Amino acid sequence: MFGTVAFSRATSEAVSDWMAWFERLKAEGKCTGGHPLENEGKVVSGKQRSVADGPFAESKEVIGGFFYLTVADENEAIEIAKQCPGLEFGSVVEVRPVAEICSVKQRAEEYSKRELAGTRA
């Protein structure tokens with residue numbers, strides 16, 4: 001399964017094309033879901049767990065939403081991404097595989113196993 005993330009600067013002109021594209025992908029069984037993201041939210045950061053309004057408009061890219069794609073491989077996901085109507089308006093689409101396990105959790109589990117093995121030696 002692959003996910004696409006649209007970094008969207010598209011105007012309202014593209015909304016109907018975008019929805020038609022999304023609905024077509026769902027009808028073809030290629031898209032298993034997705035959601036737009038609100039323009040507002042909070043950013044939590046640092047050791048002090050500071051909370052600030054965000055995301056920040058100054059950011060180079062703003063994540064507009066995501067799709068989950070069920071495709072044979074990355075090349076098929078890329079071909080679907082190339083069809084994004086927002087590209088005509090300056091959007092950028094990122095294609096990534098969906099991880100089966102969080103990489104941080106995986107590293108923590110591997111570290112724990114090594115530590116446990118070291119105490120038994």
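1. R96 is exposed, with a relative accessible area of 51%. The cut-off for that label is over 50%, so R96 qualifies at 51%. Its salt-bridge partner is E94, and the closest N and O atoms of the two residues are 2.2 Å apart. E94 is partly exposed, at a relative accessible area of 22%. Buried would require under 20%. This is a predicted model, and the distances and areas in this note should be taken as features of that prediction.

2. Confidence should be kept in mind for the rest of the points. The mean pLDDT of the protein is 78, and 79% of its residues reach 70 or more. Confidence is lowest in strand β1 (residues 2-7), where the mean is 53. Helix α2 has the highest value, 92. Where pLDDT is low, the predicted coordinates should not be read in detail.

3. The salt bridges number six in total. One of them joins the side chains of K26 and E23, with 3.5 Å from N to O. K26 and E23 both belong to helix α1 (residues 15-27), where they sit three residues apart and so are separated by about one helical turn. An α-helix has 3.6 residues a turn, so residues three or four places apart point the same way. K26 is partly exposed at 38% relative accessible area, and E23 is also partly exposed, at 38%.

4. Another salt bridge links K82 to E79, at 3.2 Å from N to O. These residues lie in helix α2 (residues 74-82), and because they are three residues apart there, about one helical turn separates K82 from E79. K82 counts as exposed, with 56% relative accessibility. E79 is partly exposed, at 43%.

5. Which residues of α2 are buried? They are A77, I80 and A81. These residues cover an arc of only 100° around the axis, which means that they lie on the same side of α2. The face of the helix turned away from that buried side carries the exposed residues N75 and K82.

6. The N-terminal end of α2 is capped by D73. A side-chain oxygen of D73 lies 3.2 Å from the backbone nitrogen of N75.

7. Strand β3 (residues 41-45) and strand β4 (residues 50-54) run antiparallel and are joined by five bridges. Within this pairing, K42 stands opposite D53 in β4. The two strands form a hairpin with four residues between them. In the turn, G46 has a positive phi of about 75°. In a regular strand the side chains alternate between the two faces of the sheet.

8. How many disulfides does the structure hold? The count is zero. A disulfide is a covalent bond between the sulfur atoms of two cysteines.

Terms used:
Residues numbered from 1 in each chain as written. Predicted model: local features only at pLDDT ≥ 70, side-chain atom pairs only at ≥ 80, totals over all residues. Heavy atoms only, no water. Salt bridge = Lys/Arg side-chain N within 4 Å of Asp/Glu carboxyl O. Buried < 20%, exposed > 50% of the residue type's maximum accessible area, 1.4 Å probe, protein only. Disulfide = S-S within 2.5 Å. Pairing = 2+ DSSP bridges. pLDDT = per-residue confidence, 0-100. Arc of directions from axis to C-beta. Polar contact = N/O pair within 3.5 Å; in protein donor to acceptor, adjacent residues only side chain to side chain.
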